[in-house]
Amino acid sequence: MEIVRTLARIEPDARIASILNRNQRRTAHGQEWTAKRICSLRNNHAIAVYREGERQARDEMSVSECAAALGVTPTTVLRLIRLKQLPASQACVSAPWILRKADVERCVAERKHPATPPLVDSAQLILEIS
């Protein structure tokens, strides 16, 4: 139920059904999910339907939108997520990754102005040549 509630904020019913089926999740009667069954579940539990642009209104981005903002490929964005260099959330396995716009903007700023390494490391010994 919670997975459907979360996915309903970012995906239409047909995509939710596809994600649940890919994860081998079944209905209470052991059936595969369809868009119609997702719609029925949402209606019975007062879960709002997905609306186009809702995610953007919450300042959330998809992997492809993030890739465009960073000027990299979606694969690079997924690598940054896996390396925990870019925070992202996922409702369940196979669900789309959702990134916060503020985190992506921070990453863009860091890429434009990388941190410079310190000139002197206090733990480093100094070699004097005479």
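Modeller: The model is predicted: local features need pLDDT of at least 70, side-chain atom pairs count only at pLDDT 80 or more, and totals for chains, interfaces and linings use all residues. Residues are numbered from 1 along each chain as its sequence is written, and side-chain values use heavy atoms, without hydrogens or water.

Colleague: Which residues of helix α6 are called buried, and what makes them so?

Modeller: Val77, Leu80 and Ile81, in the helix of residues 74-82. Buried means under 20% relative accessible area, exposed over 50%, partly exposed in between (1.4 Å probe, protein chains only). So these three are under 20%.

Colleague: How do you know that they line one face?

Modeller: Seen down the axis of α6, they fall within an arc of 100°, so they line one face. The arc is taken from the directions from the helix axis to the C-beta atoms. The face turned away carries exposed Thr75 and Arg82.

Colleague: What do the buried residues of α6 pack against?

Modeller: α5 (63-70) and β2 (99-100). Contact means heavy atoms within 4.5 Å.

Colleague: What makes a set of residues a nonpolar core?

Modeller: Its members are buried Ala, Val, Leu, Ile, Met, Phe, Trp, Tyr and Cys residues, joined through side-chain atoms within 4.5 Å. The largest has 16 residues; Val4, Leu7, Ile16, Leu20, Trp33 and Ile38 touch the most other members. Helix α2 (13-22) is one of the helices that supply at least two residues. α2 gives the most, with four. A second, separate core of 14 residues includes Val72, Val77, Leu99 and Val108.
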